[in-house]
Amino acid sequence: FNSMNDTKSERTLALEALALAKEVRTNLRDLMKEWYQTEEGVPLLSQALADQQLLLVHRTDLDKLATEAMMLREFVLKILSPDYTSALAKLTSTEQELHRVTKDRNLLESEKEQLARKAEGLMVDFEQEKQEKSLVKNELVAATHQLAQQAEYCSTMGASCSTLLWRVSKHEESIHSLLSGSKVNEFFQLVGETVTSYISIYHEGFPSEETEETQFVLALCGTVTNIAASAYGREYLSSSSCGLDLVDVLCGVLVDIPHGQGTKLKNLCLMALYNVSINQKGLTHLSLKPNLIGDLVWVLKESRDVVTRQHALRLLQSMVLEPASELVTQQLLRVIPLELLHVLSSDPHHEVNTAALELMADMQALCSGTK
């Protein structure tokens with residue numbers, strides 16, 4: 001805006017200079033005209049001088065004044081015209097820029113008002129969503145609390161029922177009643193899924209055996225172990241598809257149980273598999289499991305629990321006594337290391353060294369039979 005004021009001042013000065021030059025030129029023309037008139041009529045001049053209306057000027061001074069007026073006019077035009085033209089151009093450009101800025105400002109003001117109204121609407125929506133979110137959060141907290149209570153109740157009820165079922169399954173006559181029901185397949189499927197899920201969730205560390213969840217899993221596996229302890233139960237597990245699926249689950253979890261933990265669960269699985277191996281169909285199914293012998297050897301090497309090693313040796317001995325095929329025999333002789341059996345035969349615990357010596361004798365007999 002300071003530039004605009006300077007431009008206006010220059011324009012005003014230029015206009016005043018041009019007006020002054022025109023006035024001088026006009027006066028000069030009047031003087032020249034009057035001078036020529038004086039030459040034609042001296043009486044008029046004398047009369048005018050007498051009336052004091054005219055001033056007598058020498059012709060030389062008048063020519064000098066005319067020359068100075070022309071020079072002044074040319075000088076003013078030469079000096080002020082470029083600045084005046086540039087000032088007019090700047091003024092025009094500035095006025096256009098001011099018009100554009102004013103237009104943009106009005107547009108921005110309009111957009112600002114629209115955004116303000118939109119922001120106000122969004123704030124209203126935000127407050128509504130905030131209130132709704134708070135209500136949903138409170139409902140979620142209540143639902144989570146209710147779900148935790150229901151889960152705790154279900155765990156307690158499941159642990160209680162499965163523990164009672166475990167105790168009932170210890171009696172031979174109860175096995176027939178349990179397997180004659182219509183929910184046996186669903187029960188075996190439930191046991192397999194529960195054990196798999198339990199190990200998957202706690203693969204990094206098992207909870208205490210005193211927890212309701214652990215008691216529930218142990219009771220289910222104990223019930224299956226008791227079922228497999230009876231001839232009728234072994235036959236059912238070895239003949240039905242759901243029973244064999246459960247046997248596969250028990251075989252697969254031996255190496256999935258964290259090292260040094262879940263000893264009781266591992267022992268129940270080994271006992272159940274040993275009971276199944278007493279049945280010829282069950283033994284054939286176990287012998288066809290390609291990784292089972294290697295997993296049992298791994299259990300013998302890694303476990304420090306006496307009962308666990310004893311059950312693993314008993315299961316291996318059961319598979320050695322009656323191999324399902326020549327291929328299984330070769331696998332037994334190849335996978336079971338005699339060095340490990342020599343070490344176990346010197347174990348300070350009588351149950352372990354006795355089982356290891358019996359397994360060594362059975363393997364030597366098996367090896368002699370293959371020659």
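These are my notebook entries on a predicted model.

**Ground rules.** I number residues from 1 along each chain as its sequence is written. The model is predicted, so I take local features at pLDDT of at least 70 and side-chain atom pairs at pLDDT 80 or more, while totals for chains, interfaces and linings use all residues, and side-chain values use heavy atoms, with hydrogens and water left out.

**Whole chain.** Of the 371 residues, 32% are buried (under 20% relative accessible area; exposed is over 50%, partly exposed in between, with a 1.4 Å probe and protein chains only).

**Helix H5.** I checked the length of H5 (residues 184–201) first. Its 18 residues should span 26 Å at 1.5 Å a residue, and its end C-alpha atoms are 26 Å apart, which agrees; the expected span is 1.5 Å times one less than the number of residues. Next came its buried residues, among them Val-184, Phe-188, Val-195 and Ile-199. Down the axis of H5 the buried residues fall within an arc of 165 degrees, so they line one face of the helix; the arc is that of the directions from the axis to the C-beta atoms. Ser-200 and Ile-201 are exposed on the face turned away from that buried side.

**Core.** The largest nonpolar core has 60 residues (buried Ala, Val, Leu, Ile, Met, Phe, Trp, Tyr and Cys joined through side-chain atoms within 4.5 Å). Phe-188, Leu-265, Leu-313 and Ile-336 have the most contacts inside it. I then followed Leu-265: beyond four places in sequence, its contacts (heavy atoms within 4.5 Å) include Tyr-198 and Ile-199.

**Salt bridges.** I found 5 of them (a side-chain nitrogen of Lys or Arg within 4 Å of a carboxyl oxygen of Asp or Glu). In helix H3 (residues 59–168), Glu-97 and Arg-100 sit 3 residues apart and pair at 2.4 Å, N to O. Arg-100 also bridges to Asp-104, with the closest N and O atoms 2.8 Å apart. Arg-309 and Asp-347 meet at 3.2 Å, N to O. That pair links distant parts of the chain, 38 residues apart: Arg-309 is in helix H12, Asp-347 in the loop between H14 (338–345) and H15 (350–370). Both Arg-309 and Asp-347 are buried.

Note on methods. Helices (H or I, at least four residues) and strands (E, at least two) are DSSP runs, numbered from the N terminus.
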